[in-house]
Amino acid sequence: MTPHSTPLTEPRTLNRREFVRTLSEAAMGTSLLAAAFTGCALTPTQKAEAADALVDKMGKMKKRTLSKRVGGIKVAPIAICQDWPQELYAPALAVGMNFVHKAGYWNEMPEAFKNLPRESYYTDITVDSTPNNPDDEEGAYRQVTESLKKNNLRYYDFMRAHYGWKSVKDYKEKRGTYRAFQRLKKEGKVKYFGASQHDWVPYPEIIDAEIAEGLVDHIQFFYSYASPAEVRAITEKATNAGIAMNAMKVFAQGHDKMRDDKTKQAEMKAPDMIGRACLREALALKTKAGKPLLGFCVTALRNMSMFEENVGAVTAKVAALDGFTALA
């Protein structure tokens, strides 16, 4: 190829007639709508129309009731993440997503949220001081108060000790994050305390200590199709204790095992859609009493194609089209 030649993979543009025809055919089919525009460079207007069609094709999410310890709030089974491209926010809200993970990192209110009543959605702030300086009460307090000045959210529903504690000993002895929470709660800036408990060793033992004391109302933790049995067991124990549990790293840690398990993909009614299969596997888990093991999942999405595959795991229309009923 000469320096001035045009690559064969250069995205092509669509005129109005081509775009409308492609969109109509894709919206009526059962395959991913985003796949119809592979290799195309859509205009901002075309992207907006495609997003609207995708929302209509996907339908709404059914919400899940979290534990009484967090007020029994109802949350969609997949959360919006602060670090998603903001073009995904409006479609996410339109399909019923109503929890924003890491909203504390917003430096300003995103456009999609500006006209929403604050009480119509839930947020968390992940306070970063916990693993390396878990007695830093003032640092935790400042992170919350200063972030609220920037984004005008007024309050966070969940305050999470980000990364969690690195040992049971640290959890029991170093409580600066929790002391900050107590002050902030009195001021109306946070409501519920918990941990975004990362996979430090010994992982189940740390969660077990958090369960035993009853200090935390909610735990975000590493769960995937590749997780060992002891992680599943401690999750059930926490859920039965009334702690609201939600999973992270569902795709990041589970995709290799799911990719190699065609039988499980078929069971999840998501052949060759690894993200959809991973999320369905996690969200279909039940306790021995038949209740959902997880309240919701967080997942990193980077574009509309990923949004369609992953969020489609749990929307009513897509589940019905796929013949997947385990979430009901």
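**Confidence.** I am working from a predicted model. The pLDDT averages 90 over the protein, and 96% of the residues reach at least 70. I then looked at residues 1-6, where pLDDT stays under 50 and the model has one contact beyond four places in sequence. Where pLDDT is low, predicted coordinates should not be read in detail, and I left that stretch alone.

**Helix H12.** Is H12 mostly covered or mostly open? I found it mostly covered: of the eight residues in 304-311, six are buried. I listed them as Met304, Phe307, Glu308, Glu309, Asn310 and Val311. These buried residues pack against helices H2 (44-58), H3 (89-94) and H11 (274-283), and against strand S3 (78-81). At the start of H12, I noted a side-chain oxygen of Asn303 within 3.2 Å of the backbone nitrogen of Ser305.

**H2 against H12.** How do the axes of H2 and H12 cross? They come within 11 Å and cross at roughly 5°. Angles under 35 degrees count as roughly parallel, so H2 runs roughly parallel to H12. On the H2 side I found Ala51, Leu54, Lys57 and Met58, which meet Met304, Phe307, Glu308 and Val311 of H12. By class, this contact has six nonpolar and two charged residues, with no polar ones.

**Gln197.** I finished in strand S7 (residues 190-197), where Gln197 sits. Is Gln197 buried or exposed? Gln197 is buried, because its relative accessible area is 0%. Leaving out residues up to four places away in sequence, I saw that Gln197 touches several residues, including Tyr163, Trp165, Tyr203, Glu210, Phe221 and Met248.

Conventions: Residues numbered from 1 in each chain as written. Predicted model: local features only at pLDDT ≥ 70, side-chain atom pairs only at ≥ 80, totals over all residues. Heavy atoms only, no water. Buried < 20%, exposed > 50% of the residue type's maximum accessible area, 1.4 Å probe, protein only. Helix = DSSP H or I, 4+ residues; strand = E, 2+ residues; numbered from the N terminus. Contact = heavy atoms within 4.5 Å. Polar contact = N/O pair within 3.5 Å; in protein donor to acceptor, adjacent residues only side chain to side chain. pLDDT = per-residue confidence, 0-100. Axes fitted to C-alpha atoms, helices over the stretch in contact; angles between N-to-C directions. Parallel < 35°, antiparallel > 145°, perpendicular 65-115°, else oblique. Nonpolar A, V, L, I, M, F, W, Y, C, P; charged D, E, K, R; others polar.
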